[in-house]
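Visitor: I am new to this structure. Please walk me through how to read it.

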Amino acid sequence: MPIHPLQLSAYSLVNALGRGINASWSALQESRSGLRPCDFPDTPLTTWIGRVDGLEEEAITGNLAHFDCRNNRLAQVGLQQDDFQEAVAQARTRYGAARMGVFIGTSTSGVQHTEQIYRQPDPLTGKLPDSFLYRYTQNLFAVTDFVRQYLTLEGPSLTISTACSSSAKVFATAYRYIQAGLCEAAVVGGIDSLCQTTLYGFNALELVSAHPCRPWDSQRDGINIGEAAGFALLEPVHSGYSPPYQGGAGGGKPVHSGHSPPYQGGAGGGKPVHSGHSPPYQGGAGGGKPVHSGYSPPYQGGAGGGKPVHSEYSSPFQGRDGGGKGIALVGYGESNDAYHLSTPHPDGKGAILAMQRALTSAHLAPDQVNYLNLHGTASRANDLAEDKAVVAVFGTQTPCSSTKGWTGHTLGTAGITEAILVSLCLLHNFLPRSLNTNIVDPQLRAQILLDSSEQPLQYATSNSFGFGGNNCSLILGRLT
Amino acid sequence: MIRMYLTALGLSAPGLLGWTASHPILTGQQPYQPTALPTFSPRGILSANECRRTTASIKLALQVAQEAVANTPLPVSQLSSVFASSDADLEIIDKICRTLTVPDRPVSPTDFHNSVHNATAGYWTIGTTSDKLSTSLSAREVTFAAGMLEAATLVTVENLPVLLVASDYPAPSLLNEVCGIQVPFATALLLTPEPTAASRASLTLQLTTQQEETRLPQPDLEKLRLSSPAARSLPLLQVLAKNIAGQSILAYLSEQQLVIAVEPSV
């Protein structure tokens, strides 16, 4: 059955392209990359990186000063962009702090702080200095704790750390917590900052490129590591929203007859309502097999099963860039390769499952997706495996590109960074090119965009695949 | 309230060498004696090559995962998984950070891929050929409660059988002074959306602000409970070992508590 769409009521970005949504958006339009030769301090590697300027001068002060480290500074800068903090504050007055969840993805949290501390042990005792506040800097939950406290939110919370799929999976987790009635709305985010662990680690795996990364290119030879933060405020779509995929053959009526969503209550009363259940092990995005065997009539459902909520609410933050139209998460799919810790399955087995499960949960057919933002790291093996997977699910005609040529590979932040870039593209009906891709590898068959263009867009998929074989695909849609 | 069903468990910590073997200790029939933890070989799950790459922290988590699925009728490749650990592999973090202080910084590729928080999940899914979803998470001191909630949302909203593994392993001495994980501890719970013939109990979860965290009456077990975030599971494990109706209250975030009510299957 389709998921209930979750609106991205507000969002913010910071990455190598600059601070705020507009910096990323103008760079996309102008084909301006944020990559530069590696100038990360004390890191003489021949590669290019996506670095955020100014973090060295922007300490966290005041009552959250104990969180000060590069990763939390990057989170702070992200929270300060795009009126995000104000949007969350307004949501907090509607829902209450305890009813808003915070779900953050990161791969390395503040390990860069620990790297620095290890270079300065106490000269007499050899111990790490007393000033080292591990639990507020390097611990994986530190950045999530910082975000909760910065936004004064008190709802359910956790850090997801599944390498490069981390901040895609936070969308699915937020959806489930809201459906289960554990919270009514959520802030999701991703933060990963440059550190020597990942720069030298990927270098040891011979995966970093000495050039600006060239996804899908015949000459591609590796990734560029970037740092970024991204946040989104997710809320159930309020009444007045007519899911665009209600139409189809059935005339726009909700189609949950005899097959109600297991938890209809959700945002309304805060308690889940048991109203039947799906067949075991089939339902939802995570289920093993697609459940729409009949698949007729297609593309109905959507939000129809749930109660309308927040009818009084009209977000001032919604659709500023896009003429009053907003964006919603309409599907997600998660999977595992079950193949290798750091090499993708050669045929993209897990990637195929993630995309198929996302389509199933969105109740969409592949040809209804107008654009696919590839994981597209520009490593030889990753692009090859993803290409096979994309072609297997979408064929060779769905427009695709990787935006890693703009931002670099922002690791645990890639999921939300690209979900928000995709949202901007949907709002502006903009198909972005695959920057730095000059000659497409003839082995690869997906429809790679070598030039940006404008055309009507309704749905887009974003892929994020990580070490450990952990995969997540999201589908975002335009609210009409 | 969220309800799910418990099918099987795994447990490993000094003096708690397996779920079944630990019953007399958890039920108070035998005193707790923190004997050394034998090293587990995941050879039964992984190929020799993969096996060689695993660390002590990974082995501990795989051990309880394997115990939990050992005697269940559910096909292991069909299980989704949640791996909850406050800090994952601190030995690897320590090793990489040390390596970064020496000339040329020769970080080992294997250490680097083992450094991701979901490395254990990666080995588990490879070993069990499970392509189902897997989430690795942390919530520092309340990681076990967060793991229970994450598993519960997967079980109930996605209608999936889920293996929850909670584990913590101490850091080498230098780093451990600041990390505070004192004792290795791991537990695993196999959870399903509906009762099965193999179900031991139903678990009902609810968040509240009105309760006090459950402490253990035995001082040595209470000390163990406080020795790592994963060991905060001990009050729940005690109720389950006694096979009685009861509840265990876990501290959660922002002065909330997670109440887990246990009802044994008849």
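Guide: Start with one pair of residues. A:Val102 stands opposite A:Val187, which belongs to strand E7 of chain A. Strands here are DSSP runs (E, at least two residues), helices are DSSP runs too (H or I, at least four), and both are numbered from the N terminus.

Visitor: What kind of model is this, and how are its parts labelled?

Guide: The model is predicted: local features need pLDDT of at least 70, side-chain atom pairs count only at pLDDT 80 or more, and totals for chains, interfaces and linings use all residues. Residues are numbered from 1 along each chain as its sequence is written, while chains are lettered from A and ligands numbered from 1 in the order in which they are written.

Visitor: In which sense do strand E5 (residues 100-105) of chain A and E7(A) pair?

Guide: Two strands pair if DSSP finds at least two bridges between them. E5(A) and E7(A) are parallel, with six bridges. E7(A) also pairs with E9(A), in the antiparallel sense and over seven bridges. There, A:Ala186 is opposite A:Leu234 of E9(A).

Visitor: Which way do the residues of E7(A) point?

Guide: In a regular strand the side chains alternate between the two faces of the sheet. In E7(A), one way point A:Ala185, A:Val187, A:Gly189 and A:Ile191. The other way point A:Ala186, A:Val188, A:Gly190 and A:Asp192. All are buried. A residue is buried if 20 or more other C-beta atoms, placed from the backbone, lie within 10 Å of its own; 12 or fewer make it exposed, and in between it is partly exposed.

Visitor: How many residues of helix H2 of chain A are buried?

Guide: Nine of the 10 residues in H2(A), which spans 70-79, so the helix is mostly covered. Among the buried ones are A:Arg70, A:Leu74 and A:Leu79. The buried residues of H2(A) pack against E1, H3, H4, H6, E7 and E9 of chain A.

Visitor: How is chain A divided into domains?

Guide: Domain bounds come from an automatic or database domain assignment. In chain A, domain 1 covers 6-236 and domain 2 covers 327-478. Their C-alpha centres are 21 Å apart. Contact means C-beta atoms, placed from the backbone, within 7 Å. By that test, 62 residues of domain 1 of chain A touch 57 residues of domain 2 of chain A. H7(A) gives the largest share of the domain 1 side, seven residues.

Visitor: How many residues does each chain bring to the contact of chain A with chain B?

Guide: Chain B brings 58 and chain A brings 64. On the chain B side, the largest share is seven residues, from H7(B). That side has 27 nonpolar, 21 polar and 10 charged residues. Ala, Val, Leu, Ile, Met, Phe, Trp, Tyr, Cys and Pro count as nonpolar, Asp, Glu, Lys and Arg as charged, and the others, Gly among them, as polar.

Visitor: At what angle do the axes of H7(A) and H7(B) cross?

Guide: Two packed helices are described by the angle between their axes and the distance between the axes. Axes are lines fitted to C-alpha atoms, for helices over the stretch in contact, and angles run from 0 to 180 degrees between N-to-C directions. The axes of H7(A) and H7(B) cross at roughly 75° and come within 9 Å. H7(A) is therefore roughly perpendicular to H7(B). Angles of 65 to 115 degrees count as roughly perpendicular, under 35 as roughly parallel, over 145 as roughly antiparallel and the rest as oblique.

Technical notes: Contact = placed C-beta atoms within 7 Å.
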